[in-house]
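Please open the structure in your viewer and keep the selection tool at hand.

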Amino acid sequence: MLGSTIQRELAEMIMRELNDPRLPTIVSVTRVKVTDDLEYADAYVSVMGTPGQQHAALNALKHSAGMMRGKLTRALSIRHAPYLRFHLDEQLKKELEILSLIEKARVESQEWEAAQARKNEGTEAPDQTATEDGGSGEPPLNG
């Protein structure tokens, strides 16, 4: 519960109060884990941009951690807010990679099935269905 409250407050602070040029326009606080003793809060962020921009944004957040901790103490009306530790959220990146691989496998499966269908169309035997008179479709034997 405290983690989700801190997550909401941090997201608001980053969006409205931090004016660091290293921070891109899109920084999302994806989750916050607070230690059992409430000493630390690990904040995981997702930053759109190149790896260099992501690390610059992470450094900007780490640089502002003390100021944000003070604001958290006041905003949450608690005696001491946990020390903030920021991390890039690699979980989201992994999830997107997995979704991409699933989509790639789906497309390849459809292509393979279509190729199999085309292959089977060319090798199927001629249609040997019954004729209208109930016969086998072969000429009658005389004899």
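In sorting residues, Ala, Val, Leu, Ile, Met, Phe, Trp, Tyr, Cys and Pro count as nonpolar, Asp, Glu, Lys and Arg as charged, and the others, Gly among them, as polar. The model is predicted: local features need pLDDT of at least 70, side-chain atom pairs count only at pLDDT 80 or more, and totals for chains, interfaces and linings use all residues. Residues are numbered from 1 along each chain as its sequence is written, and side-chain values use heavy atoms, with hydrogens and water left out.

First, select Ala11, Glu12, Ile14, Met15, Leu18, Asp20, Leu23, Pro24, Thr25, Ile26 and Val27, which line the second largest pocket. On a 1 Å grid over the protein atoms alone, a pocket is an open set of points where a 1.4 Å probe fits, with protein on both sides within 12 Å along at least five of seven lines; lining residues have an atom within 4 Å of a point. This lining comprises 8 nonpolar, 1 polar and 2 charged residues. Helix 1 (residues 2-16) contributes its largest share, 4 residues; helices are DSSP runs (H or I, at least four residues) and strands likewise (E, at least two), numbered from the N terminus.

Next, select Ser46, Val47, Gln54, Asp89 and Lys93, which lie nearest the centre of the largest pocket among its 13 lining residues. Which helix gives the most to this lining? Helix 4 does, with 4 residues. Strand 2 (40-47) and helix 2 (51-63) are also among the elements that each supply at least two.

Finally, select Leu96 in helix 4 (residues 90-123).
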